[in-house]
Amino acid sequence: MTKLPTKPEILDWISENPTLTSKRDISKAFGIKGAARIDLKRLLRELEAEGHLQKRKKTYQDPDRLPPVSVLQVLAPNNDGDLFARPLEWHGEGVEPVVLFIPRPSDPALGEGDRILARLQVVHSEDHNYEARLIRRIGTSPSKVVGIFRKGAEGGRIMPIEKGSDKEWLVANDATGGAKDGELVEAEQAGPKGRMGLPKARITLRLGDPTAPRAVSLIAIHQHGIPDDFPEEVLIEADSMKPAGLAGRTDLRDMPLVTIDPSDARDHDDAVFAEADDDPKNAGGHIVWVAIADVSHYVRPGSALDREARKRGNSSYFPDRVVPMLPDRLSGDLCSLHEGVPRACVAVRMVLDAEGNKLSHHFLRGLMRSPASLNYQEVQAAMDGAPNERTEQLIVPVIRPLYAAYSALRSARERRQPLELDLPERKIVLGDDGKVTSVDFTERLDAHKMIEEFMVLANVAAAETLIAKDTPLLFRVHEEPPVDKLDSLRETAQSAGLVLAKGQVLKTQHLNKLLRDAAGTEDAELINLSTLRSMTQAYYSPKNFGHFGLALMNYAHFTSPIRRYSDLIVHRALITSHGWGDDGLSPIDLETLEATSQHISDTERRSMMAERDTTDRYLAAFLSDRMGAEFTGRISGIAKFGVFVKLDETGADGLVPISTLGNEYFDFDRDAGTLMGSNSGRIIALGMRAKVKLIEAAPVTGGIAFEMLELDGDEMERGTGGRMGRGYGRGRRKTGASPRRKATKSKIKSSKTKRKVTRKRK
């Protein structure tokens, strides 16, 4: 007769084998067969009734132990950077178990509040009971809300600040956090949304007057969840740092490495020097030095500084402030290559031939002292024959050799043919009161291009060195455009009478030919915008897929470790590969390289969106006192609900609602990116010239709306605002379409993707 296990023996087995808890597993473990299984079933039922076990599907669980696959909520990292999680399926009576999350390289970056499904393993450790490995992420932290609080009789509401959003949130009397009517607030979702009514929120932070000039960037910072306050431990760690000495470094203090930055630069993380190569075997050649702040000396792997820098991923730049990746003690002081003070650096010496080809390079860890912190304008003026007191002494020994090396690099660039887009960059200029005084377009000087070429060359050298030394790193990847976007660009080019050849391996030189052919024509901006939109977004990866836009096979970011975590990882990789010290890549750096690449790619996109939203709000504020004014511009976007027009004067984008375009329905062709009048056949496409009247400018949301007055020289009738449906709107042209638009219409009619207008005009 089979001997049955005792109840304690069953409980001990389940505790020691949390993944083998079905009745079949227990039977097999104790050798129970035949009729004895009925007795085992009875014992399990008794244990369940006594509260020692709970049945879960076809397995039995100890209620004081977690199931082997559990739902967890991620907590904030502790002081050591470890990530713990709270078990959401804990129903025991004792102390809640402590779960340590063990990330794998392929895992996505997790943040506080994320919910995950994880596989657990029982461990016997002093500070935790379980270790968890991710199966999948199943949710995020409670929704964060940033908006304007409007007080009501029973609490109030939070009004949206997102452009085009009409979503409101209810706030109960006990959840207002003392907020006043009209204040900008940050809140979180308060409980699940019901089937009826508005979602509920709890105010967690009061941000002040939303109309204050310097609140514009603050809105974007909180809206996009950018950390803008350093934890106390990070500030203490930064304040304890001392300047690096010469020990273990090459002395570069006598080399005139100068920094060249914007006049309002807040940090200086790169310096340059060039001289003619005196090697007779390299006649006409150059030696270029690029020195970069040695941030890795101060930000050690696993430190509080390192954890916070990784969390931020990068610095975020706004017209009125910077949200830095590192505290000011480092970013504005010890790691900034200020004039006249010794600073630790990682430098690369690169030898170029007369044609700008890099013949060799090598890296070293040094100590430098810059003789001058210069800006682009004064360097360019000095080269153009108008030096100031600062640059006059540097023209012969520093500035001219830099431009000579750049001239050679420019020849190499022309042969390489990186993508040459011509899209002016706008700059918001603020007065002392924080209000916009003007919107300028940044001037592109040879000084800008020179520094860019030196930085690209140094980045290539870093990637090539680490590849040769077989050291893991983060590449800057820019993949080729997808076929469908290229087909769309090709159609746009054809509509403008231009050609983008098909049936060949696409290279940047083919796109550059298209851009050159369009230069100086009325379609130049259209072709530049369409080319930009056909590109994929660059990202970081431990795998090398090349950089299409720069026409480079090996490329990494090395030159800005003060403001990009990716560059800090590359610096650590160089330290490891050269054996310079113990502050190189750590085991956790290597284990989480994939997760880090995904995380910092995400934080980069987050900063870009916040910076763009801030610019939109400043532009709306700048235009808000010019209601009714008329402007010229070009159509920069097409959607089923209307067209976007970018103004020539400021670069501001605004919406012309489709219901205001006239008195006919429009067919939206998503593939062609056009609107076509259902009666007139009029084509509205990207790049068309427009004259508009400003009818709305909302600084809090950044929303701008126009009324269309003229399109490609044709006067437009105002729409009657009729009902829209299935992507159709109203509009009617005043006069016939231009010959170029008729040609576009003919092409679209013949396209296989053209959809017929099936709805009759009401």
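Hi everyone. What we have is a predicted model, where local features need pLDDT of at least 70, side-chain atom pairs count only at pLDDT 80 or more, and totals for chains, interfaces and linings use all residues. Residues are numbered from 1 along each chain as its sequence is written, and side-chain values use heavy atoms, with hydrogens and water left out.

Let's start with the sheet. Five strands make an open, mixed sheet, in the order E13-E20-E19-E16-E15. Strands here are DSSP runs of E, at least two residues, and helices are runs of H or I, at least four, numbered from the N terminus; two strands pair if DSSP finds at least two bridges between them. E13 (250–252) and E15 (270–276) each have a single partner strand, so one side of each has no neighbour in the sheet. From one strand to the next, the twist averages 35 degrees.

E15 pairs with E16 (residues 286–293) in the antiparallel sense, over seven bridges. There, Val 272 sits opposite Val 290 in E16.

Now, which strands does helix H10 touch? H10 (residues 395–416) packs on the sheet against E15, E16 and E19 (342–352), contact meaning heavy atoms within 4.5 Å. Its direction makes about 85 degrees with that of E15; axes are lines fitted to C-alpha atoms, for helices over the stretch in contact, and angles run from 0 to 180 degrees between N-to-C directions.

Finally, the cysteines. Cys 335 is buried at 2% relative accessibility, and Cys 345 is buried at 0%. Buried means under 20% relative accessible area, with a 1.4 Å probe and protein chains only. Thanks, all!

Note on methods. Buried < 20%, exposed > 50% of the residue type's maximum accessible area, 1.4 Å probe, protein only.
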